[in-house]
Every structure is written in structure tokens, then in C-alpha cells.
Amino acid sequence: MPDVYAAFEKHMISASSYATKWYITLFANTVPFQTQLRIWDALLLEGQDVLVITSLALIYAYRSILTAPNASFETILSTLSAFYIPEDEDLMMQWIHRMTKKSETRLMMDGWRKAWQELVRNKQDGGALL
């Protein structure tokens, strides 16, 4: 989602600004309880990549708000901090499942992990837009 990335870069929004809450609570304060349980099931079955994939699903759902011409730092963060009720929970969970099964997804995630480890190793992680 290059347009979302550009909006985050423009407004200096890093993943730690919004995703920390998602990850620490495992989406408990973000989605309805039933959806949360399904995400937890997927996490236990598929592993930690489910957290990133679920985050991408939420960002994708909010993308029109995040990239709106009148979007600001405050509106973007308040949107990402809002409670999300999926229009179709089954569709969202099917998408998450499909993404976890795609070999390309796993390869990208592995590549991102290696790139991050390289930044940390070279002490360049402080300036990274996450």
C-alpha cells in the first residue's frame, strides 16, 4: 500500500504509534471479542506472522481515511486507535488465512525480519520508519 506508506511518511507516523496497542493486547481493544478469539486461534495455529497480517488487514480497511487529502497526524492516529467492527468477519478471517498460507507472504516476512536484523546490527534502526 504505497499510498498509505506515503501518508505515514508525510505525517511521520511509525508503527509504534498505533501497533504497539494492537500487539500488546493482541487486538483485545481493537476488534469485537468474537473476532479477537478468531485472531488468537489463527495466531496459535499459524504463528506470529498473523499479527502483522491482521494489522495489514486493519490498515487496508482504513486506507481511504488514512490517505484522504484532509488526513492529519491526529485523524490518522485516532482512526488507527478506534475500535474496528469488520463488515464481514468471515471474509476478513479468510483473507488472513489465505495470506498466511501464501509462500510469497512468508518470504516477504522473512525478508523484512532479515532487513530489520541488519539495521539493528548496523545500529541504523533508530531512523527507520516502521
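Student: Is Thr 100 buried or exposed?
Tutor: This is a predicted model. Thr 100 has a relative accessible area of 3%. The cut-off for buried is under 20%. So Thr 100 counts as buried.

Student: Which helix holds Thr 100, and which residues does Thr 100 touch?
Tutor: Thr 100 sits in α6. Leave out residues up to four places away in sequence. The contacts of Thr 100 are then Glu 46, Val 50, Ile 53 and Arg 106.

Student: Which residues of α6 are buried, and how do they fall around the axis?
Tutor: The buried set is Glu 89, Met 92, Met 93, Ile 96, Met 99 and Thr 100. Seen down the axis of α6, these buried residues line one face of the helix, because they fall within an arc of 125°.

Student: What covers the buried residues of α6?
Tutor: Thr 100 is one of the buried residues of α6. The cover over this buried set includes α3 (33-46), α4 and α7 (103-121).

Student: What is the span of α6 from its first C-alpha to its last?
Tutor: α6 has 13 residues. At 1.5 Å a residue, the expected value is 18 Å. The model comes close to that, and α6 reaches 18 Å.

Student: How much space lies in the second largest pocket?
Tutor: The space in the second largest pocket is about 350 Å³.

Student: What is phi of Leu 26, and what is phi of Phe 27?
Tutor: Leu 26 and Phe 27 lie in the loop between α2 and α3. Neither is a glycine, yet phi is positive for Leu 26 and for Phe 27. Phi is about 50° for Leu 26 and near 70° for Phe 27.

Student: Is Phe 27 buried or exposed?
Tutor: Leu 26 is partly exposed at a relative accessible area of 27%. Phe 27 has a relative accessible area of 0%. That value makes Phe 27 buried.

Student: Which residues of α3 are buried, and why are they on the same side?
Tutor: The buried residues of α3 are Thr 35, Gln 36, Ile 39, Ala 42 and Leu 43. They share a side of α3 because they cover an arc of only 120° around the axis.

Student: Which helices do the buried residues of α3 pack against?
Tutor: The face of α3 turned away from the buried side carries the exposed residues Phe 33, Leu 44 and Leu 45. On the buried side, the packing partners are α4 and α6.

Student: Which residue just after α3 takes a positive phi?
Tutor: The end C-alpha atoms of α3 are 20 Å apart, which agrees with the 20 Å that its 14 residues should span. Just after this helix, phi is about 105°. The residue is Gly 47.

Student: Which residues of α1 are buried, and what do they pack against?
Tutor: The buried residues of α1 (residues 2-10) are Val 4, Ala 7 and Phe 8. They line one face of the helix, because they fall within an arc of 100° seen down the axis of α1. Pro 2 and Lys 10 are exposed on the face turned away. The buried residues pack against α4 and α5 (73-81).

Student: Which residues does His 11 touch?
Tutor: His 11 lies in the loop between α1 and α2. At 17% relative accessibility, His 11 is buried. Not counting residues up to four places away in sequence, His 11 touches Ala 71, Ser 72, Phe 73 and Ile 76.

Notes: Residues numbered from 1 in each chain as written. Predicted model: local features only at pLDDT ≥ 70, side-chain atom pairs only at ≥ 80, totals over all residues. Heavy atoms only, no water. 1 Å grid on protein atoms, 1.4 Å probe; cavity = no way out; pocket = protein on both sides within 12 Å on 5 of 7 lines; lining within 4 Å. Points joined across faces, edges and corners; volume = space filled by probe spheres on them. Helix = DSSP H or I, 4+ residues; strand = E, 2+ residues; numbered from the N terminus. Expected span 1.5 Å × (residues − 1). Buried < 20%, exposed > 50% of the residue type's maximum accessible area, 1.4 Å probe, protein only. Arc of directions from axis to C-beta. Contact = heavy atoms within 4.5 Å.
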